[in-house]
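Here's a quick briefing to get you started. Have a look at the structure first, then read on.

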Amino acid sequence: MADLSTNFLGIRSPNPFWLASAPPTDKAYNVERAFEAGWGGVVWKTLGEAGPPVVNVNGPRYGAIWGPDRRLLGLNNIELITDRDLEVNLREITEVKKRWPDRALIASIMVPCDEESWKAILPRVEDTGADGIELNFGCPHGMSERGMGSAVGQVPEYIQMVAEWCKHYSKLPVIVKLTPNITDIRYPARAAKAGGADAVSLINTISSIVSVDLDNFAPVPTIDGKGSHGGYCGPAVKPIALNMVAEIARDPETHGLPISGIGGVQTWRDAAEFIALGCGTVQVCTAAMTYGFKIVEEMAEGLSDWMDEKGYATIADFQGRAVPNVTDWQYLNLNYVTKARIDQDLCIKCGRCHIACEDTSHQAITSMVDGQRHFEVMDDECVGCNLCVNVCPVDDCITMVEMTEGTDPRTGKPIDHDYANWTSHPNNPMSKQAAE
Amino acid sequence: MTVSETNDVKAHRLSADDYIENFSDIHPPLTHHEALVEADRCYFCYDAPCMTACPTSIDIPMFIRKIQADNPVGSAKTIFEQNIMGGMCARVCPTETLCEEVCVREVAEGKPVKIGLLQRYATDTFMEREQPHPFTRAAPTGKKIAVVGAGPAGLSCAHRLATYGHDITVFEAREKAGGLNEYGIASYKTTNDFAQDEVDFILQIGGITIENGKALGRDITLDQLSAEFDAVFLGVGLPGVNALGLEGENADGVIDAVDFIAVLRQAEDLSQLEVGRRVVVIGGGMTAIDAAMQSKLLGAEEVTITYRRGQEHMNASLYEQELAQTNGITIRHWMMPKGLAVSNGAVKAVTLEKTELDASGKLVGTGEMVTIEADQVFKAIGQTPDPAPLAGCAIELEKGRIRVDEHRRTSHSKIWAGGDCVAGGEDLTVASVEDGKVAAESIHKALMA
């Protein structure tokens, strides 16, 4: 049995699955249910400053997009940070941490961007016994209009400044939660590091209008005829999150900075992918909000089973293993040739590979052979693009097979076993000529 | 053999609730949720096998995609473009041997997309929302076309011709239009007077006049029609039925299954209908199943279908056979009727001889006899054409049925034909609709040339 336990900034948890700061972690009742279900840690829903708490809308807070069978693919929300009194939250955090000493309990914080506000709340959080703090510089809606959340996360100088305050006024490990609503994630990550933050977590939600109600012409969710942009999350954002995590993991300036990965984690496999890109833990929200807390069983057992199968005894054994393989396009091997192969025994003859290739790509898949519907790849046209694989409804029916011998019938060029990339390609005006 | 003395045929076998329950929709329509779940299963195949398998070539992937995209009315329009009786076909098509048999999800999982039920969802939604008729008539052409028979073939032909601006007169022998949709399909397949609703829907196009009570050969002649009209379409169906050729065939309780079904379909009060306690249905087609099923649903205790060949030879689809068996009907194969026991003018039993195929593949009796007691015997051994009204019109026939070319044109240059009355093809509602449509295109082309 693989050991799933993690040590993230000295914060131990029995598994890398944490619940992200969000509605599922807003109060003791939910958090204790999560721990009972097996979650390794939680990031408590973001605390605001003392005094009257924020208020939420009383109409709908969420919108979504769905796949077939109404599978939730993307969720959008306009909910703010906790709307419960700070005192109540701090008391509950204290109690829960006492009852669950083996679980990670992180407090998420968002207060105005001035030193006094941070100085005031940090000791109070520290008193709860929480294992660490996460600075919410990410929420793109509502709070950002008040100069908090992503309004901070979009200005690297502010990130650095607040991180420095937190390190100064608190002994707790500091995780900076980054907003994806920027052009280059490396800058805020570098700023967090420069400010002394112990880790970053990402991504927070993406600014979004999830749909437009065509009866009243207003964004969804609609509040009395109006809507405002929300924060987008769920399986649909995972690719964006993975890329941003990878950018930070492979940036020489932030390489090695601990990362807690967030964004569309639904299954053990998603988690393993984030960890392979360097994350020490993953945070989950939408999957739990869709299916309830029980999914952590599948995640933990799935990850453990996969690790056993692959011979990884601990999370550290595969953490970051994919980072060196993330590169720039210009370094991809242009001599690597693949062709699509259709397994005729698995093919159900839906024809989607053909029409996708025929209408939108390279005209490399037959639709009719000897008067019979038959779908087969024509190697002399196939550029190896993988579109057919992606549109095929049957798992593993179409695969990409590397050509290792002979001549590529499309280009007429023999397979070259040497690595060659764009930087030295003759068509590249910037190509570096090999020394004579 | 012992034969009971009294012939047990009576009405009121069931409670009022049972009649309602038994004759309600056999396949309840999909709810909105069910339709969306099912529609999501469609892969939107290229050159979709379902579409090829549909005799009317409905663009099935497109109509299902429109359901997915929350446009059921548009979905229905896609269906009606190819099949104006898409509503009835959704109810009566043997989809398990047509579109659903070749669905790629049948190949993949043994569970085809429920195309028939989705088609019904779309067309029912269209009807329920009382949409304007989805087609408009072209400018009047001044051409007049006679359609004989207001069944699926005739109405399909009339509708398509009407869209082109022609004026159509439909001559129908019966009191109501609809043909077998109205008189010949088991009532649990088409509840709530759907057949008449569909006729009304088709007539919304305008330019179609139906003259009921006008039978070819009795009230009108083909010579008359071909003289008065620019073209004639014959969709007269199969008005006759095969006889057993046995003594006692006229006894009480020996009934043509098609008549039984027609009476049942027109009945105001099903509890008034008499049915035997023990019913034997002779035949192996859909009519046999429909008659057997409805006897059972009217309260018959023992219902047996006998068929002279094997299960695999039955014209009724496997699905229909299983439906009958699930409803407690016994199907006995390899036996042919040899005699009817009659007492006091009423049938008491059927005697059948077991059969087999001889070395040459010919069906022969084995000499072994079986007797099945019966209070009623339904004959469902095939319907027959009536060539009499066609005599002298230079229309070539083939085994009594009308010979047509691929455009459904007969050997008479002004006469087209389609549906069950023509030679070849399957006697299905959907095939008749296609015949009418193809003929209409050909007639239009011929008249406008």
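Predicted model: local features only at pLDDT ≥ 70, side-chain atom pairs only at ≥ 80, totals over all residues.

Residues are numbered from 1 along each chain as its sequence is written, while chains are lettered from A and ligands numbered from 1 in the order in which they are written.

**Helix α9 of chain B**
- Ten of the 14 residues of α9(B) are buried, so the helix is mostly covered; buried means that 20 or more other C-beta atoms, placed from the backbone, lie within 10 Å of a residue's own.
- Among those buried residues are B:Leu117, B:Tyr121 and B:Phe126.
- They pack against α2 (32-39), α3 (49-53), α4 (60-68), α5 (72-82), α6 (86-92) and α7 (99-102) of chain B.

**B:Asp124**
- You'll find B:Asp124 in helix α9 (residues 115-128) of chain B.
- B:Asp124 counts as partly exposed because it has 19 other C-beta atoms within 10 Å, and that label sits between buried and exposed (12 or fewer).
- B:Asp124 touches B:Pro29 and B:Gly87, leaving aside residues up to four places away in sequence; touching, or contact, means C-beta atoms, placed from the backbone, within 7 Å.

**Where the chains meet**
- Nine residues of chain B are in contact with 13 residues of chain A.
- Helix α8 (residues 104-109) of chain B gives the largest share of chain B's side, three residues; helices here are DSSP runs (H or I, at least four residues), numbered from the N terminus.

Notes
Contact = placed C-beta atoms within 7 Å. Helix = DSSP H or I, 4+ residues; strand = E, 2+ residues; numbered from the N terminus.
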